[in-house]
Each structure stands twice: as C-alpha cells, then as structure tokens.
Amino acid sequence: RSVFETSMEALNYPSMKTLAIIAEGVPERQTREIIKVAEAKGVKLIGPATVGGIKPGCLRIGNTGGMLDNIVMSRLYRPGSVAYVSKSGGMSNELNNIV
C-alpha cells in the first residue's frame with residue numbers, strides 16, 4: 001500500500017490525534033491532500049520524510065536520537081533551554097550528538 005492510502009485511512013480514525021509519516025518521496029499533490037484532511041480533522045502532522053522528533057522529558061517518536069542507550073548516554077531525555085528544527089535526518093543526529 002502507498003503512504004497516501006495508509007495515511008488517509010489513518011486519518012479516518014476518530015481517536016487519531018497525531019500522524020507521523022516517516023516515509024520520504026511522497027508526491028507533493030498527495031502531501032497537500034494529507035495536510036488538508038489532517039487540518040480539517042484537527043490532527044497534528046509530523047512529516048512526511050521525517051526521522052521523528054524528541055521532546056526531552058516528554059516523548060520520542062521515530063528514530064530521533066538513535067537507540068535508547070544513546071539517548072540515555074547523551075542525556076537527551078533531560079529538559080533544557082536548547083531547541084532546533086532540521087530538515088535533515090543526518091543533521092538532526094549530528095546535533096543530537098553535539099547537544
């Protein structure tokens with residue numbers, strides 16, 4: 001199945017609050033349609049083409065920060081005063097290592 005079909009099906013669940021699309025290469029027209037439906041249903045959308053996200057002390061979704069032992073070792077689980085947003089999974093992982 002395609003990312004588009006699966007995402008649109010997921011958006012039909014009333015309990016859906018956040019949809020994270022890890023896949024890349026989703027056509028722009030399909031991405032715009034997913035965004036439109038998500039907004040209409042009040043669903044937060046992460047992606048497409050994301051490695052995920054991390055909110056220290058709160059949640060982790062996708063591959064952000066690597067394996068759990070890396071998150072613990074690098075202390076990425078602690079709340080702090082530094083935030084960054086990146087369009088690059090590689091850059092995110094590099095910044096996780098630096099921070």
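pLDDT is the predictor's confidence in each residue, on a scale from 0 to 100. This is a predicted model, and its chain averages a pLDDT of 78, with 63% of the residues scoring at least 70. Here's a quick tour of confidence, helix packing and charge pairs.

**Confidence by element**
- Helix H2, residues 28-41, comes out on top among the elements of the chain, with a mean pLDDT of 95.
- At the other end sits helix H3 (residues 68-74), which has the lowest mean pLDDT, 65.

**Helix H1 and its buried face**
- Phe4, Ser7, Met8 and Ala10 are buried in helix H1, which spans residues 3-10.
- Looking down the axis of H1, those buried residues fall within an arc of 160 degrees, so they line one face of the helix.
- As for partners, the buried residues of H1 pack against H2 and against strand E1 (18-20).

**Salt bridges in helix H2**
- The count of salt bridges comes to 2.
- One joins the side chains of Glu28 and Arg32, at 2.5 Å from N to O.
- Glu28 and Arg32 are 4 residues apart in helix H2, so about one helical turn separates them.
- Both Glu28 and Arg32 are exposed.
- Glu33 and Lys36 form a salt bridge too, with their closest N and O atoms 3.9 Å apart.
- Glu33 and Lys36 also lie in helix H2, 3 residues apart, or about one turn of the helix.
- Lys36 counts as exposed because its relative accessibility is 54%, where the cut-off for exposed is over 50%.
- Glu33 has a relative accessible area of 29%, so it is partly exposed.

Note on methods. Residues are numbered from 1 along each chain as its sequence is written. This is a predicted model: local features need pLDDT of at least 70, side-chain atom pairs count only at pLDDT 80 or more; totals for chains, interfaces and linings use all residues. Side-chain values use heavy atoms; hydrogens and water are left out. Helices (H or I, at least four residues) and strands (E, at least two) are DSSP runs, numbered from the N terminus. Buried means under 20% relative accessible area, exposed over 50%, partly exposed in between (1.4 Å probe, protein chains only). The arc is that of the directions from the helix axis to the C-beta atoms. Contact means heavy atoms within 4.5 Å. A salt bridge is a side-chain nitrogen of Lys or Arg within 4 Å of a carboxyl oxygen of Asp or Glu.
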